Amino acid sequence: MRRNWMIAALIGLSTIGAAEAKPLKVVGPWEIAGIDPAQSGYLFSRMQVAETLVSVDASGKLVGGLASSWSTEEDGLSWRFRLRDGARFHDGSPVSAAIVADTLRKVHAGTGVFSQVPVAAIEPEENDVVIRLSKPFVALPAYLVNFSTIVLAPSSFGASGRVERIVGSGPYRVKSLTPPLNMQLEVSPEWTGEKPGIAEVDYQAVGQGETRALMAESGEADLVFSMLPVSVERLKRNAKLDVRIATIPRTRLLKVNAASPLFSDIRVRRAISAALDREGITKVILRNSDLAATQLFPKALAGWHVPELAPLKRDLTAAKVLLADAGWTPGADGILQKDGKPFSFTLLTYASWPELPPIATAIQAQLRQVGIDAKVSVGNSSEIPARHKDGTLEMGLVSRLYSIVPDAIGVLRDDFRPGGSDWGATGWANDNLNGLIESMAATSDPAARLPLQRRAMEILQSELPAIPVTWSELAIVANKRISNVQVDPLEVNYGLAAVRWAQ
Amino acid sequence: MSRMILARLLQAGLVVLVVGVLCFVLVRALPGDPAMRIAAGRYGPDANITEAAELVRRELGLNQPVLVQLGASLGQLAKLDLGRSLVTGLPITKELRIQLGATLWLSGATLVLSLVLGPPLGLFAGLSRGGWVDRASLGGAIILRSLPPFVLGLLLILFFAMLLGLFPPAGYGTWRDLALPALTLALSLAAVSSRVTRDAVSAVARTPYIAFARLKGLPEPVVMRRHILRNAAIPVVSYLALQAIYLIEGVVVVETLFGIPGIGHALVHAVIARDVPMVQGTALAMGLLFVVVAAGVDLTCHWLDPRPKRI
């Protein structure tokens, strides 16, 4: 009799096990191009396999990751990060301060954003990691959210020091990894936090946006990231799906070479901005006219979006007047001319984001209306940085992410530094702006930082070293058989561990 | 015997040398700074590519004279070491195992499906020239062949995945995932192979030796099996070899549409990112495959038609 009970209990357990074993199917466009944290760390961070010292909550506030708390000395030069008690890697070994310090030192010597922090030394002290800076830098914790700083167990590295496998410390561990398109995860027994609701996760990279939409619609996928704007309306009508939209801090902008004879005149940059029909572009290509970028940052980026700024908007008359003031007169073919030379240049863009080439051609047509002849060239994403470097860039349409560090200062500091940068200004520098940014970096009080941020935005809006075109949003589709899906506009963590099967 | 083995080894060495040099030279002759391309391939379009490219240049020795780099690359190949991908850092052998493996599975499934669909239909059409099977299969072949694989794939997804819910629209790992991409490719291939079979069968069926076979009183199944099928199979088998090669190298659109980590997809990425070892490894593996396929076809044709070839 007792044996029968045991058998019945075992059968019961195994059926529960089978129900739980059904994996959460996640589909996204991101391929696993190499497993080095600097390359695909964002995927392991988002999927909660590996952790950074600091993380963010849904509102974008910094919260503990591998570090349970942190503090700084009076001088702002010495920072102490206390590691979470009992944190262990997936191989069972403890996460020690020495391992974290060693990881951060290596990352600082690389090319990621963390290398821009003025670090003097990183040392372990018992259960603390102490980072000493050469000058005060209040945004340090925000930099430690970046995926390139994920901490992996020593067993992740091969003999040559290369990352051979991903042994992290997050709620999920890697069950199998088949680059470039597939990854399977399972709950880590070492995880001491809240137990994930779904035991296994199956990630599949699918590059085609239309295929991703079909996977959501057919019910093959539970959670699908990054839908094409054209699919969103159709998916919203599907009763089985839940479509979530988040405004993300990514702006598509025209990177102009302000040192070139064509664009050195601020009136010309303003005229180009006034010639753009941002609403038309966003309405037709992005299917949401609220994404027309009236300034660099979208409304969701509180403190950086300045509502009082005069919005960038279409005004063809003003554009023509500005161009005439700058000495450009219409030639016989309708193209503006100055000193016998036509206003003609190459607008370079790339296809890493499918919407960039159509936006570029729309801009081409809009500029033609004020007599400017832009030739669109679609190349590799490295071409704009290459042309920026050798000074031959005229204009590029780029998609710039401002949440590489969850404090926009991280990217601004890089983009508008003297000499410019790959995705920031070219041939333009403003001492006033750089002074403001450095002051922000040393100001810990958010209220005291606000006027500095506002002033910086005013300078960028008036000088237009980069002409904002559109903001961006991220569309996520969840099948209604799952619940508790969170949308993280900063794309640091997808909160898969919190997802549950709906009742 | 030992001389023959030596000759074959020399031949193989020559092939490796030519493929190695050609891949290196062609990839390097493409415009753009390879370090920048590799950096963009590694770190994506949000990264600071210029800074990353400098580290890549130092790490891979891209600032050395090109001849030194070519020498290093060939030296590695000489040791039968395909090296590691410059982008993913994984050994090329592992990349090939995954990505060429995926393509081989897909190609195999496609060939089987196209064999089931194409030649039998062609046989019926060929035996009843001008009949309704012949005309319907001609119409179907024209439509299927003129649809780009991308469109055909989407149509099949809409029908089999969305409407009937039989197969997943994309993915890789189980035979269910292979069904729709294999069918997409198989329909295009079957469209042509059915016509090739039909022409071959109808040509053979009208030859004097078939008339003689029937005249001497052979039963129709024997005429069919021994004379028609065997003779008509020769052009069909040769054509299948071409199809196999088309499958291995030309399925990148279908791989992308269905999210299959295949070699076409990998090769396109490798060329864009100037990943020389990956291009070399893929070219060598494909070259070897073509040789195997060609040898297989020659052997099959020889078995079908054992008469010594007059040249």
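Reader: Which side chains meet in the salt bridge between B:E51 and A:R417, and what is the N to O distance?

Author: In general, side chains of opposite charge can pair when their charged atoms come close. In this predicted model, the side chains of B:E51 and A:R417 form such a salt bridge, with 3.7 Å from N to O. Between chain B and chain A the count is six salt bridges, and over all chains the count comes to 41.

Reader: How many residue pairs are in polar contact across the interface of chain B and chain A, and which elements of chain B give two or more residues to the side that touches chain A?

Author: The rule finds 12 residue pairs in polar contact across this interface, counting pairs with both residues at pLDDT 80 or more. On the side of chain B that touches chain A, two or more residues come from each of α2 (34-43), α3 (49-60), α5 (92-127), α7 (149-163), α11 (252-258) and α12 (263-272) of chain B. Of these, α3(B) gives the most, with seven residues, and the residues on this side of chain B divide into 25 nonpolar, 11 polar and eight charged.

Reader: How many residues are in contact between the two chains, and what area do chain B and chain A bury between them?

Author: For chain B, 44 residues are in contact with 45 residues of chain A. The two chains bury about 3,500 Å² between them, and 57% of that area is on carbon and sulfur atoms. Within chain B, the residues that lose the most area to chain A are B:P45, B:D46 and B:N48, which together account for 17% of what that side buries.

Reader: What does the secondary structure of chain B come to, and how is chain B divided into domains?

Author: The secondary structure of chain B comes to 13 helices and zero strands. Its division is into domain 1 (2-92) and domain 2 (97-271 + 293-304), and the centres of these two domains of chain B, taken over C-alpha atoms, are separated by 36 Å. Taken along the principal axes, the C-alpha atoms of chain B fill a box of roughly 80 × 60 × 30 Å.

Reader: Turning to chain A, what is the order of strands in the open sheet of three strands, and why is one side of β13 and of β15 left without a neighbour?

Author: Strands of a sheet pair through backbone hydrogen bonds, either parallel or antiparallel. In chain A, the open sheet of three strands has the order β13-β14-β15, with antiparallel pairing. Because β13 (329-330) and β15 (341-342) of chain A stand at the edges, each with a single partner strand, one side of each has no neighbour in the sheet. Strand β14 (residues 336-338) of chain A pairs with β15(A) in the antiparallel sense over two bridges, and A:K338 has A:K341, in β15(A), as its bridge partner.

Reader: Where in chain A are A:E210 and A:R234, whose side chains meet in a salt bridge?

Author: The side chains of A:E210 and A:R234 meet at 3.3 Å, N to O. This pair links distant parts of the chain, for A:E210 is in helix α5 (residues 209-217) of chain A and A:R234 is in helix α6 (residues 229-236) of chain A, 24 residues apart.

Reader: What kind of peptide bond joins A:P179 and A:P180, and where is A:P180 placed?

Author: A cis peptide bond joins A:P179 and A:P180, with omega about 5°, and A:P180 lies in the loop between β8 (172-178) and β9 (182-187) of chain A. A backbone angle to look at in another loop is phi of A:E126, which is near 50°, a positive value in a residue other than glycine; A:E126 is found between β6 (119-125) and β7 (128-133) of chain A.

How values were computed:
Residues numbered from 1 in each chain as written. Chains lettered and ligands numbered in written order. Predicted model: local features only at pLDDT ≥ 70, side-chain atom pairs only at ≥ 80, totals over all residues. Heavy atoms only, no water. Contact = heavy atoms within 4.5 Å. Buried area = accessible area lost by both parts, 1.4 Å probe. Salt bridge = Lys/Arg side-chain N within 4 Å of Asp/Glu carboxyl O. Polar contact = N/O pair within 3.5 Å; in protein donor to acceptor, adjacent residues only side chain to side chain. Helix = DSSP H or I, 4+ residues; strand = E, 2+ residues; numbered from the N terminus. Nonpolar A, V, L, I, M, F, W, Y, C, P; charged D, E, K, R; others polar. Pairing = 2+ DSSP bridges. Domains from an automatic or database assignment.
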